[in-house]
Amino acid sequence: MSKNNIKLITKEQNGKKVSPVLSANIKNYLIDIDGTICEDIPNEEPERMVTAGLFPGAVEIINKWFDAGHIITFFTSRTEKHRAVTEKWLKKYKFKYTTLLVGKPRGGNYYWIDNAPVTVMKVKKGAVKFNF
């Protein structure tokens, strides 16, 4: 796992500090794993995670973003007990990333509520095409 040199900008409102922000040219990508960058594997079949089929273009696109200075966070429904196998798989394919977060709620139908701007991209199954 690699780390970007992330610089946050301090903000104030009404004379009080508020949550810092990234510069406008840096994106904070939260990327799912199963069904997004590789074949969809349920937590109930962790033995398949070792050999998960990689979707074409996933490594190149994500590493390009990382190299451009963006934050790459893999945010997955895999559990803490799947962390080691997941990190090994990401390393095997040479993904560059900032953080791996496990324990995302399962089942989809997500409603993201946040005070920060959120852009949502739906990826076609088996076809990583992140066009920005």
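In this predicted model, glutamate 87 pairs with arginine 83 in a salt bridge whose closest N and O atoms are 3.9 Å apart. Both residues belong to helix 2, 4 residues apart, which is about one turn of the helix. Glutamate 87 is partly exposed, with a relative accessible area of 29%, and arginine 83 also counts as partly exposed, at 21% relative accessibility.

Helix 2 has a buried side and an exposed side. Its buried residues are Thr86, Trp89 and Leu90. These cover an arc of only 100° around the axis, so they lie on the same side of helix 2. On the other side, Ala84, Lys88, Lys91 and Lys92 are exposed. The buried residues of helix 2 pack against strand 4 and strand 5 (99–101). After helix 2 comes lysine 94, with a positive phi near 65°.

Phenylalanine 74 shows how parts of the chain meet here: leaving aside residues up to four places away in sequence, phenylalanine 74 touches Ile31, Asp32, Ile33, Ile37, Ile62, Leu90, Phe95, Tyr97, Thr99, Leu100 and Leu101. One of these contacts, Leu90, is among the buried residues of helix 2.

Leu101, another contact of phenylalanine 74, also takes part in a nonpolar surface patch of about 490 Å², together with Leu30, Trp112, Val118 and Val120. Tryptophan 112 sits in the segment after strand 5 and is partly exposed, with a relative accessible area of 49%.

The structure holds 8 salt bridges. One of them joins lysine 96 to aspartate 67, with the closest N and O atoms 2.8 Å apart. This pair links distant parts of the chain, 29 residues apart: lysine 96 is in the loop between helix 2 and strand 5, and aspartate 67 is in helix 1. Lysine 96 is partly exposed at 29% relative accessible area, whereas aspartate 67 is exposed at 53%.

Elsewhere, arginine 48 forms a salt bridge with glutamate 39, the closest N and O atoms being 3.2 Å apart. Arginine 48 counts as partly exposed at 29% relative accessibility, and glutamate 39 is partly exposed at 30%. With Glu45, Glu39 and Arg48 are linked in a network of salt bridges.

How values were computed. Residues are numbered from 1 along each chain as its sequence is written. This is a predicted model: local features need pLDDT of at least 70, side-chain atom pairs count only at pLDDT 80 or more; totals for chains, interfaces and linings use all residues. Side-chain values use heavy atoms; hydrogens and water are left out. Contact means heavy atoms within 4.5 Å. Buried means under 20% relative accessible area, exposed over 50%, partly exposed in between (1.4 Å probe, protein chains only). Helices (H or I, at least four residues) and strands (E, at least two) are DSSP runs, numbered from the N terminus. The arc is that of the directions from the helix axis to the C-beta atoms. Patches are made of residues with over 30% relative accessible area and no salt bridge: like charges are joined within 9 Å, nonpolar side chains (Val, Leu, Ile, Met, Phe, Trp, Tyr) within 5 Å. Accessible areas come from the Shrake-Rupley method with a 1.4 Å probe; for residues, only the protein chains shown count as cover. A salt bridge is a side-chain nitrogen of Lys or Arg within 4 Å of a carboxyl oxygen of Asp or Glu.
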